[in-house]
Amino acid sequence: MHRDCVRPTLRRRSTADFGIHIHQKLNTDLVEDQLVSDPFVLICNRGHSLADQSEVRWAELGATDLITLGGASGNRLQVEAQLTAAALPPRGRFVVESTPTAIALVSAGVGAAILPAALTGATQRDDLVEIMLIEPEIYRTISLVRHRNVSLTPAAATLYEMLKIEISASSKSIKDLGGAA
């Protein structure tokens, strides 16, 4: 469920037992359990001028044709805030609505994308490089969210606990292998 839908669905209609969303300021009537946190990285193809660096400062991105995610992305506001803090335009030269589109443009050499590390799949592709963004490092956190003081149905409680265990375990195994999650 998109982040803009989680709160209204849980809060107003009470039709959902719980939701999964990108961590943000939470209303006091909801409880959040953080599952996984992963850093934002710069994805570029191997021919890009930054491809040989292991890390890049946000402020050093001024000469880069950036590909950023648009309005439907729960990550957009966090990236735009950091670009603004680095005295850069808050939107990239290219704004797309999906991660696969951003990665396809990067692969074609159109520009470099700012994405959460766990979404990129760049480490699985020979033509792309994942570069840590620093000063500061910013993270995207995925969380489960539910009503405070409301018991989950037995089925929902089972699924909620399974998600907490499985996603947390997957995150740890990715980190153990040297990847970002």
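Modeller: Begin with strand β4 (residues 66-69), which is joined to β6 by two bridges, the two strands running parallel. Strands, like helices, are DSSP runs numbered from the N terminus, with at least two residues (E) for a strand and at least four (H or I) for a helix, and two strands pair if DSSP finds at least two bridges between them. This is a predicted model, in which local features need pLDDT of at least 70 and side-chain atom pairs count only at pLDDT 80 or more, while totals for chains, interfaces and linings use all residues. Residues are numbered from 1 along each chain as its sequence is written, and side-chain values use heavy atoms, with hydrogens and water left out.

Biologist: Which residue of β6 is the bridge partner of Ile67, and how many bridges join β2 to β6?

Modeller: The partner of Ile67 is Ala113. Four bridges join β2 to β6, and these two strands run antiparallel; the partner of Phe40 in β6 is Pro116.

Biologist: How should I read the two faces of a strand?

Modeller: In a regular strand the side chains alternate between the two faces of the sheet. In β6, Ala112, Ile114 and Pro116 lie on one side and Ala113 and Leu115 on the other, and all are buried, where buried means under 20% relative accessible area, exposed over 50% and partly exposed in between, with a 1.4 Å probe and protein chains only.

Biologist: Why does Ile114 count as buried, and which residues does Ile114 touch?

Modeller: Ile114 counts as buried because its relative accessibility is 2%. Leaving aside residues up to four places away in sequence, its contacts (heavy atoms within 4.5 Å) include Phe40, Trp58, Leu66, Val79 and Leu133. Leu66 is 48 residues from Ile114 in sequence, yet their C-alpha atoms are 7.4 Å apart in space.
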